[in-house]
Amino acid sequence: MTTQPDLSPPPTAFMQAAGLVLDKIESSHVSGWIDLGSEHHQPWGLVHGGVYTTAIETAASVGASTAAQEHGLVAVGVNNNTNFVRSMAEGRVTVDARAIQQGGTQQLWEVRGTDDRDRLIATGQVRLQNITHRA
């Protein structure tokens, strides 16, 4: 029996604070979720937009790096355009990232964040550059 390597990003304090859990990682599709609560709030009691921006960039970067890994490369974000559509104070947001274009040097990903009623909360596009990994 062949086991798949764990392609999840190594946990960092930043990723743990954001609360993003990835449950599907493929070279052209990544999905996961965040259980949002008061620890994600800005001063006015709503989820901070940076949480959504972080989730969007992370999901796209993990997928893009999974694709780039097949060529001995990693992918790094060069542009993140996130739009906030609906506010939330708490609840689960599902993150779904899909590759729009994957070339030898750049990739473009689209990411959607939806609530438990499938309403769009945030959406974004992330452009990534495939590069040689630098330690």
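In the predicted model, the protein chain exposes about 7,800 Å², of which carbon and sulfur atoms supply 50%. Of the 135 residues of the protein chain, 37% count as buried. The charged side chains comprise 9 positive and 13 negative groups, and the centres of these two sets lie 6 Å apart.

With regard to overall dimensions, the C-alpha trace spans about 45 × 35 × 30 Å along its principal axes. The radius of gyration of the protein chain is 15 Å, which agrees with the value near 14 Å that a compact globule of 135 residues would have. Among contacts between residues at least 6 apart in sequence, 61% join residues at least 24 apart.

The secondary structure of the protein chain consists of 2 helices and 6 strands, which follow the pattern α-β-β-α-β-β-β-β when read along the sequence. Strand E1 (residues 21–25) is joined to E2 by a hairpin of 3 residues, and the two strands pair in the antiparallel sense over 4 bridges, with Lys24 standing opposite Ser31 in E2.

Strand E2 (residues 29–36) is mostly covered, in that 6 of its 8 residues are buried. Besides its pairing with E1, strand E2 is joined by 8 bridges to strand E4 (residues 91–102), and E2 and E4 run antiparallel. Within this second pairing, Gly32 stands opposite Val95 in E4.

Key
Residues numbered from 1 in each chain as written. Predicted model: local features only at pLDDT ≥ 70, side-chain atom pairs only at ≥ 80, totals over all residues. Heavy atoms only, no water. Rg over C-alpha atoms; globule rule 2.2 N^0.38 Å. Buried < 20%, exposed > 50% of the residue type's maximum accessible area, 1.4 Å probe, protein only. Contact = heavy atoms within 4.5 Å. Areas by Shrake-Rupley, 256 points an atom, 1.4 Å probe, with all protein chains shown as cover. Lys, Arg positive; Asp, Glu negative; His and termini not counted. Charge placed at Lys NZ, Arg CZ, Asp CG, Glu CD. Pairing = 2+ DSSP bridges.
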